[in-house]
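Please look through the sequence and the model below with care, and keep both in view while reading the paragraphs that follow.

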Amino acid sequence: MTTEPTGHHGAKLDFSQEMSYGDYLHLDQVLSAQHPRSPDHNEMLFIVQHQTSELWMKLMLHELRAAIGNIAADRIAPAFKMLARVSRIMEQLVHAWDVLATMTPPEYSAIRPYLASSSGFQSWQYRSIEFSLGNKNAAMLRPHEHRPERLAEVRAAYEAPSLYDEALRLLARRGLPVPASHLQRDWTAPYAPSDEVEAAWLVVYRNPEAHWDLYQLGEELTDLEDAFRLWRFRHVTTVERVIGFKRGTGGTGGVSYLRKMLDVVLFPEIWKLRTDL
């Protein structure tokens, strides 16, 4: 007669024949994917920070692509939930910098030589997010040319209408005066702000009751960019705190490059209309 362990409140304890928590999440593979190259204790922090950020970005892309597809198909309600989730994911990425900021300059200097030319600048998922949010730049395809399958994914985001492009096309389908120049254009070109687009958004914001879902869409876009700006700010301040104004491992100007990114506005008319209301 087998005696069951006590204190487990009926929880299943034998997983020799069934899927366990670790099996479902493939934890053996996930938790064995950290391979420090240096002898320094702090490299584990650096690796886990970036690997978890990439996992959050995987989920962000999953939600962002679905939201864009739903807006294009006039399914606005599920898109709102997805965009709200993207903003909350971005908040997680913002707070992740707090952990990396515990790495001091001498600690980073001990592992930096082992990073070679690898850099977050080369993250294909991050680049796909930037492209999906409308910050298009053909030069940013080049770091992925050595991996054709990854290049194809990044290029797909580069060539497709962005989240904002699809939002404007939705406004036009609702009868708002979005100019033709912003409805059918070269989607790989950087977005050009338009007074006419702002006028269309102003119709929505001056009478939110008549355009409630479009008004909510505008605020979801505002939340998302607000969170993205915070992420960029925490990125640049953490980098400056850890390496000062040294060049990045990937060859960028480091802090100087990241500060330029702070000036990028993804949904310009959504912000400008606040002044003009």
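The model is a predicted one, in which local features need pLDDT of at least 70 and side-chain atom pairs count only at pLDDT 80 or more, while totals for chains, interfaces and linings use all residues. Residues are numbered from 1 along each chain as its sequence is written, and side-chain values use heavy atoms, with hydrogens and water left out.

Side chains of opposite charge can pair when their charged atoms come close. By the rule given above, the count for this model comes to 18 salt bridges. One of them joins the side chains of Arg229 and Glu225, with 3.5 Å from N to O, and because these residues are four apart in helix H10 (residues 212-243), about one helical turn separates them. Arg229 is partly exposed at 32% relative accessible area, whereas Glu225, at 1% relative accessibility, counts as buried.

Another salt bridge brings together the side chains of Arg65 and Glu153, at 3.8 Å from N to O. Arg65 lies in helix H3 and Glu153 in helix H7 (residues 148-159), so this pair ties together parts that are 88 residues apart in sequence. Arg65 counts as partly exposed at 42% relative accessibility, and Glu153 counts as partly exposed at 28%. Arg65 and Glu153 are also linked with Arg150 in a network of salt bridges.

What are the elements of the chain, read from the N terminus on? The chain has twelve helices and zero strands, where helices (H or I, at least four residues) and strands (E, at least two) are DSSP runs, numbered from the N terminus; the order of the elements is therefore written α-α-α-α-α-α-α-α-α-α-α-α. The C-alpha atoms fill a box of roughly 75 × 60 × 35 Å, taken along the principal axes, and of the 277 residues of the chain, 43% count as buried.

Rolling a probe the size of a water molecule over the atoms shows where empty space is left. On a 1 Å grid over the protein atoms alone, a pocket is an open set of points where a 1.4 Å probe fits, with protein on both sides within 12 Å along at least five of seven lines, and lining residues have an atom within 4 Å of a point. The second largest pocket holds about 220 Å³ of space, a volume being the space filled by probe spheres set on the points. Helix H2 (27-31) and helix H3 (43-72) are the elements that give two or more residues to its lining, and H3 gives the most, with six residues. Among the lining residues are Val30, Leu31, Val48, Glu54, Lys58 and Gln125.

Terms used. Salt bridge = Lys/Arg side-chain N within 4 Å of Asp/Glu carboxyl O. Buried < 20%, exposed > 50% of the residue type's maximum accessible area, 1.4 Å probe, protein only.
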